[in-house]
Amino acid sequence: MVEQVDTLILGAGAAGLFCGARTGARGRRTLVLDHSAKPAEKVRISGGGRCNFTNLETVPHAFISNNPHFAKSALARYTPWDFCDLMSRHDLSWHEKTLGQLFCDQKSSAVIKLLLDELDIAGSELRLSTGIGDIQHTGEQFLVATSDGDITARSLVIATGGLSIPKIGASALAYTLAAQFGHTVIEPKPALVPLTFTGQASDDFASISGVSIGVEARANSGPSFAENLLFTHRGLSGPAILQVSSYWKESEPVQLDLLPGIDGPLFVDALKASHPRLSLPAALATHFPKRFADMLAAQIDQSSGKRLAEWSRQHLNQLAQALKAWAVKPVGSEGWRTAEVTRGGIDTEGLSSRTMESKHVPGLYFIGECVDVTGWLGGYNFQWAWASAAAAGEVA
Ligand SMILES: Cc1cc2nc3c(=O)[nH]c(=O)nc-3n(C[C@H](O)[C@H](O)[C@H](O)COP(=O)(O)OP(=O)(O)OC[C@H]3O[C@@H](n4cnc5c(N)ncnc54)[C@H](O)[C@@H]3O)c2cc1C
């Protein structure tokens, strides 16, 4: 017996569950399948257990894609306020932490419950611990072999996400299926990920592991991010580094402004005026955490331990320059083990920006993180999951 549904959704993560609720609400007989034993594991571990479920400042330029216009339509039609409304309807509340980032007041499991309740209300079915086998497109149907038997569906929605955190169920299925159906896949790379170093830099950063400073960070021609940087045993992390990791290219440096929003020469002159008797490490420690000041001074001090009062104009200028543009050269990233998202993925060229439907195979849809749309840190990736799921959910 071949089971028949209208809409089959592969992947019970944020995008798959939300899409299943929308197609079910339209009266489509919907089945959501996942190989994991639990749904939406990434929602559970997101936002430190509080799920940063959206960002109030969702703007297209906060999403990285080969086609920066692709995400606009879906994001405009399903906004952060739409998800806030849904949260309210489920008696969930939220707070803005910083930079428009909305976190659930309850635990992230409450957001999973919301998604499962919505699926249930819509009459859609969820089946877990189900392996996906061969998929064929015959006539107007998809025939999907699963560990639970064969299923046919008129619409097939791929929502199996990217490659980050394999130990909680990530797989390359979306990319394999995309290639099978004639889509181009832009090389998936770890993003929103800590950066690693070797040699002296690695030793220096490890020696002050746990220290955090405010910086403005930039990689390549990407935007700059004024957020915190964290020194770790493996290199650099913290929101500023996670953000620029999505733009960083191997063998390129990361530029760090250690005085965000402060004029370098004015800062250095004021430091000299207020602390003329101090050497550089002690003077820097009046502004930065002491352990960082010592490490930085050891790297950039060319004054042979002189007090600031004895510094030449040239040395002061060099100091200002070093503080405004400290360049560090990562050798790599922590990779899929800790990356929050995948950059790259299914080329948007082959998808409708209105519905997420394949331009090659009618009835086939790709939504969520498997698509080449990667949000900044701060709730943007869930907003993309909701918006792309809502777009496909109108038609699939
Ligand atoms: C530690 C961490 C914290 C995060 N915090 C935030 C945050 O606070 N805010 C934010 O916006 N984003 C956050 N993200 C990113 C966010 O979780 C993802 O962008 C989002 O979950 C993507 O949704 P998705 O439904 O496309 O994919 P996923 O949520 O990854 O769901 C994919 C589903 O497909 C299933 N699947 C995979 N392969 C197969 C297969 N072969 N067969 C069957 N099923 C399969 C998986 O088991 C999974 O359930 C975080 C990510 C991580 C790793």
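Tutor: Before we begin, two strands pair if DSSP finds at least two bridges between them, and the helices (H or I, at least four residues) and strands (E, at least two) are DSSP runs, numbered from the N terminus. This is a predicted model, in which local features need pLDDT of at least 70 and side-chain atom pairs count only at pLDDT 80 or more, while totals for chains, interfaces and linings use all residues. Residues are numbered from 1 along each chain as its sequence is written.

Student: Which residue in β17 is the bridge partner of Gln 255?

Tutor: Strand β16 covers residues 254-257 and is joined to β17 by three bridges, with the two strands running antiparallel. Within β17, the bridge partner of Gln 255 is Ala 327.

Student: Which strands stand at the edges of the open sheet, each with a single partner strand?

Tutor: The open sheet has seven strands with antiparallel pairing, in the order β17-β16-β13-β14-β15-β12-β18. Each edge strand has a single partner, so one side of it is left without a neighbour in the sheet, and these edge strands are β17 (326-328) and β18 (332-333).

Student: How many Å apart are the C-alpha centres of domain 1 and domain 2?

Tutor: The domain bounds, which come from an automatic or database domain assignment, are 3-189 + 340-393 for domain 1 and 195-333 for domain 2. Six residues of domain 1 are in contact (C-beta atoms, placed from the backbone, within 7 Å) with four residues of domain 2. The distance between the C-alpha centres of the two domains is 39 Å.

Student: Which element gives the most to the shell around the ligand?

Tutor: The ligand has 36 residues around it, and Gly 11, Gly 13, Gly 161, Gly 169 and Gly 368 come nearest, where a residue counts as near if its C-beta atom, placed from the backbone, lies within 6 Å. The elements that give two or more residues to this shell are α1 (14-25), α2 (41-45) and α13 (380-393). With four residues, the element that gives the most is α13.

Student: What percentage of the residues in the protein chain is buried?

Tutor: The chain comes to 13 helices and 21 strands, and its C-alpha atoms fill a box of roughly 85 × 40 × 35 Å, taken along the principal axes. A residue is buried if 20 or more other C-beta atoms, placed from the backbone, lie within 10 Å of its own. Among the 396 residues of the protein chain, the buried share is 46%.

Notes: Buried ≥ 20, exposed ≤ 12 C-beta atoms within 10 Å, placed from the backbone. Contact = placed C-beta atoms within 7 Å.
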